[in-house]
Amino acid sequence: MTRTVAARADATAVERVFREAYGQAVATLIRVFGDITLAEDAVQDAFVIASDRWRRDGIPPNPAGWIVTTARNRAIDDLRRSARGRELHEQLGAIATPSHGPGTEEQGEEGPVTDDRLRLIFTCCHPALRPENRVALTLRLLGGLSVDEVARSFLVSESAMAKRLVRAKYKIKAAKIPYRVPDEADLASRLGSVLSVLYLIYNTGLDGRERASLRSEAIRLARALVELMPDEPEAAGLLALMLLSESRAAARTAEGDLVLLRAQDRTRWDRSMIEEGQAIVRACVRRGRPSSYQLQAAIQAVHSDADSFEATDWPQIVALYDHLYSVMPTPVVALNRAIAVAEVEGPSAALMTLNAIAPDLDSYHLLHAARGTMLRRLGQRDAAQAAFERAAHLAAMDADRRFLAQQIEELADDGALMEHPPGQIDWTAKRNK
Amino acid sequence: MGQYLLSTYAVEGEVPGASQTPEEMKAFMERVIALEDEMEATGTFVFGGALHDPDASTVLRASEGDVVMTDGPFVEAKEHIAGFYIINADDLDAALAWGRKVVDAIQHPIEVRPFRATGRVQA
């Protein structure tokens, strides 16, 4: 394949390229039109045109630019045709002037970062919006996820999510939440919300191959944030955390199935991402202002140092989880700490912790998957099966369900292994053969 | 430019943390006057002030071609609006910055709510 632009493109390729360009296009059009819904509708119109034209003529070299131009022209045509549109169009004339245009005032073009997506993420993550709406807006507008995909990542119905997004966009417009990167004075306090949103986007990108572009999108936005805020170690910590996680992307799946850390082929880890991530972690350690993202990145850096699962410095990882739990005492941190504890103290100690946090995480499939793993290592086959079945019932992604179904299948073979002392059954090692 | 209502509420007739002693009242009034002067000087102040208790309210209601009046507030609730400012602000961040100053001055929670563009109001 030496052609840089295919003469024809299939529907999947068009959809993928379109989604990658979606956030940039919507963000630019919001600046142009000063209206989120108008920008979304215009980009949707452009998609209808693109799915026809790109399949026939091939994907243009600058898809985002193509979408912006097409969407802008379509929206202006539509606006001219309707009475309401003419009114809006007059307003747009006013908005487009540099002294009044959203995103062109104050920080605007002179600011250190003029990326429209950054403006949009600070708007979407505004503290006057409730946290779940910040994440939903960012995934929808910057990640380009469908309303249904956003709904599934929140475990709510599509109609409930659609209403939530409409309400959130209504508030942005009615209350005039500004479309700009915050002033220096407010920047630090507004960052925490942006970081948690980016991390959720990254994690959403781990759920299935079709969402993989969300991960590079999250990393791209995190890089831009670090550039904007070089003195904010948590932004750097988040970037390192994502890079170290991303370094394992190739080893994390095999033929669409999940491969756990212990079974991964570590030669397939991306060394350049590991080196970049570890360098950021070392710089964070020198700064001496550790907080949750930096500590999570440090945990991943320890994993990246080990040549094998067995050679991992588990006591160091448990110590880092203890530190993390002191700044971020959540059940999910306790869950991950318990999994690390199993490698130091064995599955009984881990299971005790898991049982203690189970009521808080009852609807989280990984809690039940972890319980199943510990119960299996303790030789409690029926309890392990019940836990894996509960996990499979709760898991949203096909790959997760397939993985859990395989655990249940393998449990049936454990009868033959019962002669081994409990705790010695290493099913991931068996998988590895 | 938009206009925002910054409102504060009394709970069961009491404004929690309200001034008790004459000294506290004097300091409170000085803070409020300074704030209102600053609002005035920057073209922010549209109108505002403290309200009498809801016991002083009268409700008017259209009924069969007439207007009927009843004694008391519109909503029977524990919380009632106790005072408000209407301010000019470029956007929500500007309105929230003034809202912080109001909270600092009156030491009481406020609600910031945008006006709709109707009649004389330009949102």
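Reader: What average pLDDT does chain A have, and what percentage of its residues score at least 70?

Author: The average for chain A is 83, and 85% of the residues reach a score of at least 70.

Reader: Over which residues of chain A is the pLDDT below 50?

Author: As a general idea, where pLDDT is low, the predicted coordinates should not be read in detail. In chain A, residues 94-113 have a pLDDT below 50, although this stretch has 29 contacts in the model beyond near neighbours in sequence. Residues 416-433 of chain A are also below 50, with 20 such contacts.

Reader: Which helices and strands make up the secondary structure of chain A, by count, and how many of its residues count as buried?

Author: Chain A has 21 helices and two strands. Of its 433 residues, 41% count as buried. As for contacts with a separation of 6 or more, 61% of those in chain A join residues 24 or more positions apart.

Reader: Which domains does the assignment give for chain A?

Author: The assignment gives domain 1 as residues 1-98, domain 2 as 116-229 and domain 3 as 306-432. In the contact between domains 1 and 2 of chain A, domain 1 supplies 12 residues and domain 2 supplies 13 residues.

Reader: Which elements give two or more residues to the side of domain 1 that touches domain 2 in chain A?

Author: They are α1 (11-33) and α2 (36-57) of chain A. The largest share, 10 residues, comes from α1(A). By class, this side of domain 1 has five nonpolar, four polar and three charged residues.

Reader: In what sense do strands β1 and β5 of chain B pair, and over how many bridges?

Author: Strand β1 (residues 2-11) and strand β5 (residues 79-89) of chain B pair in the antiparallel sense over 10 bridges. Within β5(B), N88(B) is the bridge partner of Q3(B).

Reader: Which strand do five bridges join to β5(B)?

Author: That strand is β2 (residues 45-50) of chain B, and the two run antiparallel. Here F47(B) has I86(B) in β5(B) as its bridge partner. For reading side chains, the general idea is that in a regular strand they alternate between the two faces of the sheet.

How values were computed
Residues numbered from 1 in each chain as written. Chains lettered and ligands numbered in written order. Predicted model: local features only at pLDDT ≥ 70, side-chain atom pairs only at ≥ 80, totals over all residues. pLDDT = per-residue confidence, 0-100. Contact = placed C-beta atoms within 7 Å. Domains from an automatic or database assignment. Helix = DSSP H or I, 4+ residues; strand = E, 2+ residues; numbered from the N terminus. Nonpolar A, V, L, I, M, F, W, Y, C, P; charged D, E, K, R; others polar. Buried ≥ 20, exposed ≤ 12 C-beta atoms within 10 Å, placed from the backbone. Pairing = 2+ DSSP bridges.
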